[in-house]
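Welcome, and please take a look at the model below.

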Amino acid sequence: MIETTEYSSRATALPTATNADARNAGLQDLVQILQRQQSSKIDMVAPASAFSAHHANINVHGVSILSERGVTKADGTYRPTTVADEGIAAKLGIPLAYLRRMRAEMPALYDTNVNSWLAQDPNRKFLLRGFTGEAGGEGVLRAVLSDSYKMIDNFDVLVAALDGVRASGHGVKITGCDLTERRMIVRVESEHVAVHARQLLRGYRSPFNGQSGDELPIVSAGFVITNSEVGAGALTITPRIVFRVCENGLTLTKDALRAVHLGAKLDAGVIRWSDDTEAKNLELITMRARDAVSTFLDRAYVEKKLAEIERAAGREVTDPVQTVEVVAKKLRFADGVRESVLNHFIKGGQTTAGGIMQAITATAQTLDNADEAFELESQALAALTLAI
């Protein structure tokens with residue numbers, strides 16, 4: 001059985017197809033967004049000669065694509081997102097900071113640079129992923145990728161993964177979903193696997209509600225499903241431990257199950273994989289979700305991981321300011337994140353390396369940017385070895 005936890009008071013407004021950001025949304029909201037996006041997607045494999053930059057937008061010309069609607073023209077103007085600009089910079093060898101500055105200050109120079117490098121190899125093919133514009137207007141260019149990039153779309157991943165969870169028969173709840181320009185994030189928590197973590201939570205106090213970890217020394221097993229449609233990472237299912245006293249989530253990235261978006265090269269204009277290939281992809285996702293349930297939502301697995309964490313987490317921190325400074329520098333935290341980690345460490349009252357870990361995961365909960373929150377939470381375990 002799969003239940004959802006509603007986040008209506010915390011979730012952002014439902015985005016349009018071309019504005020994908022959603023933070024702490026419910027499962028049904030995520031499904032609605034993804035369904036709306038499916039109808040607006042346009043994907044094309046095009047040679048460099050078929051597109052050009054104009055006013056820092058990308059114009060596509062002479063490209064036909066094969067879709068469920070038949071053969072259609074993809075010609076039009078597409079506004080690159082931040083992720084698409086990153087792809088353009090990487091594929092053409094233009095420094096990203098320079099490309100961004102040209103976009104902001106000298107769009108004509110942006111056009112000159114992009115078009116000049118495209119002209120160097122006019123037959124080179126790229127996969128362009130976008131959204132069509134309303135009423136034939138300007139569309140959105142989501143990503144510029146290799147023509148060997150295997151598309152595994154968020155909606156398909158979500159359906160296949162939830163099918164795998166249902167097939168396992170294990171009761172879970174969806175505790176929150178994020179959708180950004182870069183990735184989809186779905187957090188799954190077990191309703192039945194609760195493990196005591198008295199040593200790890202000794203002396204800790206939630207910075208959100210003041211409840212003591214000594215009073216509620218329980219963690220839940222779970223995992224997080226992530227996927228990128230734009231080349232920002234593989235499809236992953238990563239184990240996650242949730243501390244009930246504060247709802248901090250700790251992702252165990254080393255144990256993640258991954259499926260990389262690599263495949264055979266596509267012909268220009270053709271964007272569909274065979275039905276057989278697509279069915280096998282979805283079957284693999286379903287099987288991996290079932291594997292994740294049997295492996296990650298297991299009491300013995302959680303107890304083993306907690307024991308490993310506790311061995312490193314008990315080390316005393318004698319100079320919190322210096323320790324947070326070292327951790328922030330090594331893990332490249334922004335100044336605001338570093339200050340928030342220090343504040344949460346002080347509020348948590350646990351003067352150990354584990355307290356630094358909790359401060360990082362607590363800070364992740366407070367970030368509005370879902371990508372930053374996801375990446376910060378993923379770094380929390382690394383902080384245990386850096387805390388001095």
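Cys 177 is buried, at a relative accessible area of 1%, and Cys 246 is buried too, at 4%. Here, buried means under 20% relative accessible area, exposed means over 50%, and partly exposed lies in between (1.4 Å probe, protein chains only). A search of the whole structure turns up 0 disulfides, a disulfide being a pair of cysteine sulfur atoms within 2.5 Å.

A word on the ground rules: this is a predicted model, in which local features need pLDDT of at least 70 and side-chain atom pairs count only at pLDDT 80 or more, while totals for chains, interfaces and linings use all residues. Residues are numbered from 1 along each chain as its sequence is written, and side-chain values use heavy atoms, with hydrogens and water left out.

The protein has 13 helices and 16 strands; these are DSSP runs numbered from the N terminus, helices being H or I with at least four residues and strands E with at least two. Of its 388 residues, 51% are buried. Among contacts (heavy atoms within 4.5 Å) between residues at least 6 apart in sequence, 66% join residues at least 24 apart.

**The sheet and its helices**

An open sheet of 6 strands, with mixed pairing, runs in the order S3-S9-S10-S8-S5-S4. Two strands pair if DSSP finds at least two bridges between them. S3 (41-47) and S4 (51-54) are the edge strands, each pairing on one side only. Direction ignored, neighbouring strands are turned by 40 degrees against each other on average. Helix H1 packs on this sheet and touches S3 and S9 (125-131), its direction making about 40 degrees with that of S3. Further along the sheet, S5 (residues 57-60) and S8 (residues 76-80) run antiparallel and are joined by 3 bridges; Ile 58 has Tyr 78 in S8 as its bridge partner.

Helix H2 (residues 82-92) has several buried residues, among them Val 83, Ile 88 and Leu 92. Their cover includes S5, S8, S9 and S10 (139-146), along with helices H3 (96-105) and H4 (107-120). Just after H2, Gly 93 takes a positive phi of about 70 degrees.

**Two helix pairs**

Axes are lines fitted to C-alpha atoms, for helices over the stretch in contact, and angles run from 0 to 180 degrees between N-to-C directions.

| Helix pair | Angle | Axis distance |
|---|---|---|
| H1 (27-40) and H5 (154-168) | about 140 degrees | 9 Å |
| H11 (353-366) and H12 (370-378) | about 170 degrees | 8 Å |

H1 and H5 are therefore oblique to each other, whereas H11 is roughly antiparallel to H12. Angles under 35 degrees count as roughly parallel, over 145 as roughly antiparallel, 65 to 115 as roughly perpendicular and the rest as oblique. Where H1 meets H5, the residues include Leu 30 and Leu 34 on the H1 side and Phe 155 and Leu 158 on the H5 side. By class, this contact has 7 nonpolar, 3 polar and no charged residues. Ala, Val, Leu, Ile, Met, Phe, Trp, Tyr, Cys and Pro count as nonpolar, Asp, Glu, Lys and Arg as charged, and the others, Gly among them, as polar.

Most residues other than glycine have a negative phi. Asn 24, not a glycine, has a positive phi of about 55 degrees; Asn 24 is found in strand S2 (residues 22-25) and is buried at 7%. Glu 247 has a positive phi of about 65 degrees and is partly exposed, at 43% relative accessibility.
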